[in-house]
Amino acid sequence: MIYFHWIAGSLLALAWFSRLVAAAVGMPKLADVSRPEWDRKATTPQGNPRVSIIVPALNEEAHIEQTLSQLLQLDYDHYEVIAVNDRSSDRTGEVMDRVAATPEAHGRLKIIHIDELPPGWLGKPHAMWTAANQATGNWLLFTDADVLFRKDVLRRTLAFAEAEPADHVVLFPRMIMKTPGERMMIAFFQTLFVFGHRPWKVADPKTKDHMGVGAFNLIRSSVYDAVGGFHTLRLEVLDDMKLGKIVKNAGYAQRNIFGDNLISLRWAHGAMGMVQNLTKNFFAIMSFQWWRAVLSAIVLAFLNLMPFVGTLLPIGWPRVLYAIALVSMFGIYVGMSWKSDIPPYYFVLHPISTVLFVYTMLRSMALTLGRGGVIWRGTFYPLEELRKGIV
């Protein structure tokens, strides 16, 4: 058993310490467009680029008015907003039409109402594809119906995109968190994000690291057309991340940026709200393969729980290796606290969030296999079709 702890401790210490060092070196390289140097007008030799902001919405009557109102107050002068009412059964479409009738929306806001989803599509990719087909911008900004926007976000992001130059820009949102459970779960998600996705490597064309965020995917229209847009992703549950993947694989320049509170959203209500939201996605991340889901759950538990367990066992020197892993994990929490509203002491809740994430992964697998597909926003998508549509 002592040999197991030497091997396990060594692997964990190496994994967590190496990721801490990589993040400490790499994350500061990501630009923060909320800083003063990006507070300038974005220009091209042909003049200000036109931007089409696309907002799909399904049963979002609680949020859509505020989101559209804020988008209509942006301090950039060359853009349009295309909002899509995607088969809503509540008052979403009515609210959209009311906002479109205001003086501020005249000539700026267009509403599309979708009553029926064609075969072979998921609702959100279809809504965004439909809107993109009617867009007139040099850039397309895909966002969500519950995102809050500061008025200078588009101007600053375009200044960065044109200065780089970049083809696809992902702006990380500020998370609005109102309960300890939300902070605990989002802290774990961010840790997993840093460990597995390496945001600082996305700009490196030699790596496969890619990124996409549903709250803010800004892409050149020419690049969107070249990679096939959301028609390529018509059956992808992870449409935001997979957009980043096909852009990166096609060799275009992709960038991740911070922006403080330029955009913000509340992702979930409570810890179990996070579980509910992620249930749709987790089995899709595993390409709908049960063995990958089970193996990933085991690896996730080992990686995140064993450092805590190992430091408490009376096993001699291997405890030092577990302690190195644990301290490195805490170091990542400290680093994340500089860019989020989660204090580092939420590290002590890491084992609880690990158990909930493992549960979510297995729950996602069980529900998807049991139902033979995914139910999202009232629509059932068969598993056989989803597997065929994986990019």
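What follows treats confidence and overall dimensions, and then the helix pair.

The model is predicted, so local features need pLDDT of at least 70 and side-chain atom pairs count only at pLDDT 80 or more, whereas totals for chains, interfaces and linings use all residues. Residues are numbered from 1 along each chain as its sequence is written, and side-chain values use heavy atoms, with hydrogens and water left out.

Mean pLDDT (the predictor's confidence in each residue, from 0 to 100) is 93 for the chain, and 98% of its residues reach 70 or more. Over residues 42-46 pLDDT stays under 50, and the model has 10 contacts (heavy atoms within 4.5 Å) for them beyond four places in sequence. Where pLDDT is low, the predicted coordinates should not be read in detail.

The chain holds 14 helices and 12 strands, which are DSSP runs numbered from the N terminus (helices H or I, at least four residues; strands E, at least two). Its C-alpha trace spans about 70 × 50 × 40 Å along the principal axes.

The axes of helices α11 and α12, lines fitted to C-alpha atoms over the stretch in contact, with angles from 0 to 180 degrees between N-to-C directions, come within 8 Å and cross at roughly 130 degrees. The contact joins these residues:

| Helix | Range | Residues in the contact |
|---|---|---|
| α11 | residues 290-312 | L303, N304, M306, P307, F308, G310, T311 |
| α12 | residues 318-337 | R319, Y322, A323, A325, L326, M329 |
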